[in-house]
Amino acid sequence: MSGFLRYWAPVIVWMAVIFGASSDSKSYQHSSSIVEPILRWLFPHMAQSEIDIIHHILRKCCHLTEYAILGLLVFRALNHSHTEVTTWSWPRIGGTLLIVFLYASSDEYHQSFVPTRTPLFSDVCIDTVGGAAGLLVAWIYHCYRKPKPQ
């Protein structure tokens, strides 16, 4: 039980954080009330269309980042399960991406019930790419930490 809590509790907690970020208080309108004044202060002559583009890109980068973290946490948890599957095998990588995809899909479904949110399949794709980016970070770290032949 302690192994489950050690490896899967962070996954569940991070999923709860993502779920909370899908609420009304994290909607486009609310985040623009934070991002827009900062951009106007930094760049007072920037056109509104450019501010909107930066805000949109920033929100999509947040999607990518939060799901990269989820991908790392899920991969870590799957790696500590008691199976004989090797670390960088398709079942572990595919399992990680499947969990990330399914959770991203459920998150977008949840957003369909939040009046100020819009569920988008493109966000599910961005989220899944984020999970893959998290796996890429883990793989690079693994390659860097691997002992070099001498």
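**Definitions set against values**

Colleague: Why is Glu-36 called partly exposed?

Modeller: Glu-36 has a relative accessible area of 25%. Buried means under 20%, exposed means over 50%, and partly exposed is what lies in between, with a 1.4 Å probe and protein chains only. Glu-36 is therefore partly exposed. The model is predicted: local features need pLDDT of at least 70, side-chain atom pairs count only at pLDDT 80 or more, and totals for chains, interfaces and linings use all residues. Residues are numbered from 1 along each chain as its sequence is written, and side-chain values use heavy atoms, leaving out hydrogens and water.

Colleague: What makes Glu-36 and Arg-40 a salt bridge?

Modeller: The N to O distance between their side chains is 3.6 Å. A salt bridge requires a side-chain nitrogen of Lys or Arg within 4 Å of a carboxyl oxygen of Asp or Glu, so the pair qualifies. Both residues lie in helix α2, 4 residues apart, about one turn of the helix. Helices are DSSP runs (H or I, at least four residues), numbered from the N terminus. Arg-40, at 32% relative accessible area, is partly exposed.

Colleague: How many salt bridges does the structure hold?

Modeller: There are 2. In the pair Lys-60 and Asp-123, the side chains meet at 2.5 Å, N to O. Lys-60 belongs to helix α3 and Asp-123 to helix α5 (residues 121–145), so this pair ties together parts 63 residues apart in sequence.

Colleague: Why are Lys-60 and Asp-123 counted as buried?

Modeller: Lys-60 has a relative accessible area of 18%, and therefore counts as buried. Asp-123 has 3% and is likewise buried.

Colleague: How many aromatic pairs are found, and by what rule?

Modeller: A search of the whole structure finds 2. Rings of Phe, Tyr and Trp (its six-membered ring) pair if their centres lie within 6.5 Å; planes under 30 degrees apart are stacked, over 60 edge-to-face, and the rest tilted. Phe-75 and Trp-88 stand 4.6 Å centre to centre with 35 degrees between the planes, and the pair is tilted. Phe-75 is in helix α3 and Trp-88 in the loop between α3 and α4, 13 residues apart. At 6%, Phe-75 is buried, whereas Trp-88, at 26%, is partly exposed.

Colleague: Why is the pair of Tyr-109 and Phe-113 called edge-to-face?

Modeller: The ring centres are 5.1 Å apart and the planes stand at 85 degrees, so the pair of Tyr-109 and Phe-113 is edge-to-face. Both residues are exposed.

Technical notes: Helix = DSSP H or I, 4+ residues; strand = E, 2+ residues; numbered from the N terminus.
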